[in-house]
Amino acid sequence: ADMKREYTAAEFRHVVDFLKGKVPGITIATDVICGFPTETEEDFEETVQLVKDYNFPSLFINQFYPRPGTPAARMKRLPTAEVKNRTREITRVFQSYRPYDRKLGEIQTVLVTELAHDQKSYVAHNKFYEQVLVPMDDSLLGKTIRVKIIETGKHYLVGFVLGPQHDPLPKPLQKGKVSGLAHPNQIESDRSQDRTNKKNAQASLATGLLLLSLLLVLVAFYVMPSHS
């Protein structure tokens, strides 16, 4: 409550459970602050249990810092040693599990996007934006390919290339073009087509009204009584 968050741990769990139920395999990342001035030992243990329950693949761990001008900056701070101990403990829990081991052997479709930090592999991403390392083959860069996961690490997977994806992505735009913006010629062409469609619709309406008028005249002619 003192942190002025607009949600509780229970509400956070509810949202995560809902997302995981609706999108199997979804990547959930979060962050924690260790050592807020009013954080009790019980509060901290609840945070640790949350990490254990969900095994977040990405977790940003920070120590409390009193930002000037905030109410928390005027609160009495916890002992520095205690804050450091809590930070080490939750870091230990985070490092104790490997979230990607269950994906070993999976066949995935990935998009190869960039050079890895080790300069020895290319980085690809699957539909959950998990990092998949593939061989540094220039023909793969920018391509969608199928891989088999043959190795997993704490923060990555390693893929064996099976071949190209048969449903490739659209070709990249030419340099200088922006996605979602039509060329001026295309805009004018669309406007011209709209005007033509409008004229055709008006002509069809006029023809329909004329035919209806003729039909009414004929009906009137046949139903009117004869005076001869």
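**Ground rules.** I number residues from 1 along each chain as its sequence is written. In this predicted model, local features need pLDDT of at least 70, side-chain atom pairs count only at pLDDT 80 or more, totals for chains, interfaces and linings use all residues, and side-chain values use heavy atoms, with hydrogens and water left out.

**Strand β3.** I looked up Ile107 and found it in strand β3, residues 107-115. Strands here are DSSP runs (E, at least two residues), numbered from the N terminus. Val110 also has its place in β3. Is Val110 buried or exposed? Val110 is buried, because its relative accessible area is 1%. Ile107 is partly exposed, at 45%. Buried means under 20% relative accessible area, exposed over 50%, partly exposed in between (1.4 Å probe, protein chains only).

**Contacts of Val110.** I checked what Val110 touches, leaving out residues up to four places away in sequence. Among them are Ala124, His125, Val132 and Val147. Contact means heavy atoms within 4.5 Å. Val161 is 51 residues from Val110 in sequence, and their C-alpha atoms are 9.9 Å apart.

**Strand β7.** Which strand pairs with β7 in the antiparallel sense? Strand β6 (residues 144-152) does, over seven bridges. Two strands pair if DSSP finds at least two bridges between them. A hairpin of four residues joins β6 to β7. Val147 stands opposite Val161 in β7. Strand β5 (residues 131-135) pairs with β7 (residues 157-164) in the parallel sense, over two bridges. There, Leu133 has Val158 as its bridge partner.
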